[in-house]
Number of protein chains: 2
Amino acid sequence: MRQNPARRAALLDAAIEVLAREGARGLTFRAVDVEAQVPNGTASNYFDNRDDMLTQIGYRFYERLEPDPGMLAAGLEGPRDRAKVTQLMHDLVDRISRFRSGYLALLELRLEATRRPELRRLLTERIRADVDANIRYHTEAGLPGDATTVILLYLALNWLIVERLTLPDVFPEDRIHDLVTDVVERILPGPGQSA
Amino acid sequence: MRQNPARRAALLDAAIEVLAREGARGLTFRAVDVEAQVPNGTASNYFDNRDDMLTQIGYRFYERLEPDPGMLAAGLEGPRDRAKVTQLMHDLVDRISRFRSGYLALLELRLEATRRPELRRLLTERIRADVDANIRYHTEAGLPGDATTVILLYLALNWLIVERLTLPDVFPEDRIHDLVTDVVERILPGPGQSA
DNA sequence: TTGACACCACTCTAGATGTAGTACTACGTT
DNA sequence: AACGTAGTACTACATCTAGAGTGGTGTCAA
């Protein structure tokens, strides 16, 4: 078990790419070595086994997902109405969709979590924290809607992203934008005044 | 390539179980043979290769998912109000959740579809048909809400099921029921009269 | 000089694939 | 009733692949 944290991070990022591109089946130490352009055996030196690697991928993913402070601040500017939420949700969907490999890797991790208790614990904790943070942010910013609103947005947008990333022709790309708008308009109460 | 359709179906059902339980990595001809309790080499005789098998699993899944005629009829009884939709959605979520292995296998297939054009085509077609059928059923039954409503229900409930099946502790089991209710109440317009 | 790491090479192992060969069953033919 | 044929089931095998893990050597920095 090597210590070099930069190298470990590089390996994990490579692992995320492999996981997204080749699937759980293609995720091997070797493949990670190749993707990270390091000599064979390196990944093997950094991770005890596949289990260990998968868990560390989970950590790494959330490390990379730390929300952009600039973005958070942007959410606090201007009026707190429904249009604002719509814009925030568009930004959110775009940001996640742009990290395609990360999101696909996370889906793979979810499925793996089905069989790996430690991974399951990790993901459960992170996602709960994520949902809670969204709720807190939303309500503290005085945006319209309550905790349930935020959860519903979370549910609908997540699947919308799944659909977009895995079967892009079910909802054609040019309808995605409208769908995000629809989601917000239908889920948020009232015609746009704050709370 | 053998013809016996009963045996082929049994193999595919076994494959669904393996896919859900062991993941894409564990899905091998051998594993399917074992699961189906047939001699080694049988799956190899029935499928050209893994690709072929995965595609056939996709077909088989939708074969098994044919909606229950009794259930469809039940949706047409009684008043067409919001309570009715809530009940239908509860039934839907329960029905899918009960076929846990099938749904998990389908998620695996979605991820595989990322790399397999034929599988992607198949799933796209089936899911589109499924969504369209839901919309048609919903509107023709005179249930409250329009096409967008149905799509939003589809989005939110799908992710709710993902959450339930992969990370059951994010939303504890006893809150799922309330969440389904919330989803319907927030997404459906008005206080419950028909359309 | 020591320790941590990068790099390289090698072996071991496991597991999967696909096929060749045999046996069985059912059906049709004469 | 005997025979032949086709389609399967079953078994065993030969092959192949690739990945895991480790030991050894070189390198750099404290």
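This is a predicted model: local features need pLDDT of at least 70, side-chain atom pairs count only at pLDDT 80 or more; totals for chains, interfaces and linings use all residues.

**Reading the structure step by step**

Me: What makes up residues 5-65 of chain A, helix or strand?

Reply: That part of the chain is 77% helix and 0% strand. Its end C-alpha atoms are 18 Å apart. The unreviewed UniProt entry also puts a "DNA-binding region" at residues 28-47 of chain A. Residues 28-47 are 65% helix and 0% strand, with end C-alpha atoms 11 Å apart.

Me: How many helices and strands does chain A have?

Reply: Chain A has ten helices and zero strands. Read from the N terminus, the elements go α-α-α-α-α-α-α-α-α-α. The C-alpha trace of chain A spans about 60 × 35 × 30 Å along its principal axes.

Me: Now to chain B. Why is H1(B) called roughly perpendicular to H4(B)?

Reply: Look at the angle. The axes of helix H1 (residues 5-26) and helix H4 (residues 50-65) of chain B cross at roughly 105° and come within 9 Å. Angles of 65 to 115 degrees count as roughly perpendicular, so H1(B) is roughly perpendicular to H4(B). On the H1(B) side the contact includes Leu12(B), Ile16(B) and Leu19(B), and on the H4(B) side it includes Met53(B), Ile57(B) and Arg60(B). By class, this contact has eight nonpolar, one polar and five charged residues.

Me: Which residues meet between H4(B) and H8(B)?

Reply: From H4(B) come Leu54(B), Thr55(B), Gly58(B), Tyr59(B) and Tyr62(B), and they meet Glu118(B), Leu119(B), Leu122(B), Leu123(B), Arg126(B) and Ile127(B) of H8(B). Sorted by class, the contact of H4(B) with H8(B) has seven nonpolar, two polar and two charged residues.

Me: How many cavities of 30 Å³ or more does the structure hold?

Reply: There is one cavity of 30 Å³ or more. The largest cavity contains about 50 Å³ of space.

Me: What makes a space a cavity?

Reply: A 1.4 Å probe fits inside but cannot get out.

Me: Which residues line the largest cavity?

Reply: Its lining is made of Leu107(A), Arg110(A), Leu111(A), Val162(A) and Thr166(A), together with Leu107(B), Arg110(B), Leu111(B) and Thr166(B). Helices H7 (100-113) and H9 (147-166) of chain A and helix H7 (100-113) of chain B each give two or more residues to that lining. By class, the lining has five nonpolar, two polar and two charged residues.

Terms used:
Residues are numbered from 1 along each chain as its sequence is written. Chains are lettered from A and ligands numbered from 1 in the order in which they are written. Side-chain values use heavy atoms; hydrogens and water are left out. On a 1 Å grid over the protein atoms alone, a cavity is a set of points where a 1.4 Å probe fits but cannot get out, and a pocket is an open set with protein on both sides within 12 Å along at least five of seven lines; lining residues have an atom within 4 Å of a point. Grid points are joined across faces, edges and corners, and a volume is the space filled by probe spheres set on the points. Helices (H or I, at least four residues) and strands (E, at least two) are DSSP runs, numbered from the N terminus. Ala, Val, Leu, Ile, Met, Phe, Trp, Tyr, Cys and Pro count as nonpolar, Asp, Glu, Lys and Arg as charged, and the others, Gly among them, as polar. UniProt positions are given in the numbering used here, feature names are shortened, and annotations may be inferred rather than shown by experiment. Axes are lines fitted to C-alpha atoms, for helices over the stretch in contact, and angles run from 0 to 180 degrees between N-to-C directions. Angles under 35 degrees count as roughly parallel, over 145 as roughly antiparallel, 65 to 115 as roughly perpendicular and the rest as oblique. Contact means heavy atoms within 4.5 Å.
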